[in-house]
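Here is a short briefing on one protein chain. Overall figures come before local detail.

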Amino acid sequence: MTLLNGKDNAVLRFLAFDNIPVDERKRLIDLGFVPGEELKVLRSVNSGFITVLLKGGKIALDSNSANKILVKEI
């Protein structure tokens with residue numbers, strides 16, 4: 001499933017990126033999106049953005065990016 005499908009308060013494990021441009025991929029890796037990392041959905045798509053808690057920091061992603069981040073619920 002993709003991050004865009006994550007429900008509020010769901011705990012997810014990041015798996016991989018799906019067709020994200022290299023520059024955006026590097027930015028997301030710098031933010032902590034590495035395989036196996038756990039994240040929590042704080043607020044699902046609201047005004048086109050999803051907010052997640054990753055490594056103690058809040059990150060807002062647009063729905064286009066969130067739809068290319070592969071995760072699984074844990």
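Buried means under 20% relative accessible area, exposed over 50%, and partly exposed in between, with a 1.4 Å probe and protein chains only. Of the 74 residues in the protein chain, 31% are buried. The model is predicted: local features need pLDDT of at least 70, side-chain atom pairs count only at pLDDT 80 or more, and totals for chains, interfaces and linings use all residues. Residues are numbered from 1 along each chain as its sequence is written, and side-chain values use heavy atoms, leaving out hydrogens and water.

**Layout**
- The protein chain has two helices and five strands; these are DSSP runs numbered from the N terminus, helices being H or I with at least four residues and strands E with at least two.
- Their order from the N terminus is β-α-β-β-β-α-β.
- Along the principal axes, the C-alpha atoms fill a box of roughly 30 × 25 × 20 Å.

**Strands 3 and 4**
- Strand 3 (residues 49-54) and strand 4 (residues 57-62) pair antiparallel over six bridges; pairing requires at least two DSSP bridges between two strands.
- Phe-49 has Asp-62 in strand 4 as its bridge partner.
- Two residues separate the strands of this hairpin, and Lys-55 in the turn has a positive phi of about 55°.
- In a regular strand, side chains alternate between the two faces of the sheet.
- In strand 3, Ile-50, Val-52 and Leu-54 form the covered face, while Phe-49, Thr-51 and Leu-53 form the uncovered one.

**Ser-65**
- Ser-65 lies in helix 2 (residues 63-66).
- Ser-65 counts as buried because its relative accessibility is 5%.
- Neighbours within four places in sequence aside, Ser-65 is in contact (heavy atoms within 4.5 Å) with Ile-20 and Glu-24.
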